[in-house]
Amino acid sequence: MRGENLEKEIERVAFEIKNSPYTTVLTGAGISAESGIPTFRGKNGLWNKYRPEELATPHAFERDPRLVWEWYAWRMRLVFSKEPNPGHKALAEMEKIGLVKSIITQNVDDLHERAGSRNVIHLHGELKEVICSNRSCDYKVEAETILNEIEKKLPTCPECGSLLRPGVVWFGESLPTEELSKAFQEAEKSEVILVIGTSAVVQPAASIPLITKRKGGKIIEINPDTTSLTGVADVSVRGGAGEVLTAVLEVLKKD
Ligand code: NAD
C-alpha cells in the first residue's frame, strides 16, 4: 500500500512527462541496485568496502594493474550475470511510446539497452568493452572474450603490446567528448529531466540537469534519499526506481 503523498507525487510525475514535448533521463547506479548491482555510495555502496583511489584511477592501474583488473573482473562478471529490473523496463517502455527521448547514464552496465532502450548515452564508458591503455592505440575488444584469461595473465594489446584495461572512465580522466556533447544537447532540448538513482556528486554528470533547469525546464528526482540536486528539483519522489517508474508508467498508459 503506497502512502497518499507518494501517490500524489507519482501522478505529478506522470502529468509533467505527459505535458513535456521533450523529456530526457539521467540515471546513476541506483537504478541498477534493484538488479543486484551495488551502488558506489549510500547504504551497501561499494565505496564502503574499497577506496576509489586504490581501484578506479589511472594511477592505481599503473601501480597495481593486477589488483585493479581483479576488481573489474569481479564487477564485470557480476554485471553480466544480472538482468534489467522493472525500473529499466518502464523507461524502455516510455521511450517506445514516445514519452522519453533519451537516457543519459553514468552507469557502466548495459541494463538499459538490455531492457530495450535505444537512445542511451554512456558518459562513463561500459564494462563490456576493454580498450588499450595506450591512448594513441584504438584497439578495442569485448570483455567477455578476455575475462577467462585474467587470472592467468593480464591481457595485452595484440597491436601495440600495451596492457589492455576496462573501457570505463576513471576518476581524474576526461569524459568521452562526443557522448558529453550529446548529453548537453539532450539536456538543453528537454523541458523535463528525470534524475534517477544518482547521488549527483560526480561532475560533470551532476550538472547536466542544471542545463535543463536554466532553460526553464523541470528537474524530477527519483531517489530513496536526498541528493545534492534535491534543493533545485521541482519534484522529488522518495522511493525506489522500480516501484516509482512502474507506477508512473501505469498512470501514463491509463491517460
Ligand atoms: P552513487 O553510488 O553515487 O549513488 C547511488 C544513488 O542511488 C544514491 O543516491 C542512492 O540513494 C540511490 N539509490 C539506491 N537505491 C535506489 C533505488 N532502488 N532506486 C533509486 N535510487 C536508488 O551512484 P552515481 O551517482 O551513479 O555515481 C556515479 C558513479 O557510480 C558513476 O561513475 C558510475 O559509473 C558508477 N557506478 C555504476 C554502476 C553501474 O553501472 N551499475 C554501479 C556502481 C557504480
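A backbone N or O atom of G197 lies 3.2 Å from an oxygen atom of the ligand, a pair that falls inside the cut-off for a polar contact (N or O atoms within 3.5 Å; within protein, one must be able to donate a hydrogen and the other to accept it, and residues adjacent in sequence count only if both atoms are side-chain atoms). The protein covers 92% of the 860 Å² of accessible area that the ligand has on its own, with areas computed by the Shrake-Rupley method with a 1.4 Å probe. This is a predicted model, in which local features need pLDDT of at least 70 and side-chain atom pairs count only at pLDDT 80 or more, while totals for chains, interfaces and linings use all residues. Residues are numbered from 1 along each chain as its sequence is written, and side-chain values use heavy atoms, with hydrogens and water left out.

**Ligand surroundings**

- The ligand is surrounded by 27 residues, the closest being E34, R41, D109, T198 and S199, where a residue counts as near if one of its heavy atoms lies within 4 Å.
- An N or O atom in the side chain of S199 is 2.5 Å from an oxygen atom of the ligand, and a polar backbone atom of A29 is 2.8 Å from an oxygen atom of the ligand.
- Helix α2 (residues 30-33) provides the largest share of the shell around the ligand, with 3 residues; helices are DSSP runs of H or I with at least four residues, strands are runs of E with at least two, and both are numbered from the N terminus.

- Strand β1 (residues 23-27) is largely enclosed by the rest of the structure, because 5 of its 5 residues are buried, that is, under 20% relative accessible area with a 1.4 Å probe and protein chains only.
- Burial extends to both faces of β1, with T23, V25 and T27 on one side and T24 and L26 on the other.
- β1 runs parallel to strand β7 (residues 192-196), to which 5 bridges join it, and T23 stands opposite V192 in β7; two strands pair if DSSP finds at least two bridges between them.
- β1 also pairs in the parallel sense with strand β2 (residues 102-105) over 4 bridges, and I104 in β2 is the bridge partner of L26.

**Helix α6**

- In helix α6 (residues 86-96), the buried residues are G87, H88, A90, L91, A92, M94 and E95.
- At the start of α6, a side-chain oxygen of N85 comes within 2.7 Å of the backbone nitrogen of G87, whereas just after α6, G98 takes a positive phi of about 85°.

Conventions: Buried < 20%, exposed > 50% of the residue type's maximum accessible area, 1.4 Å probe, protein only.
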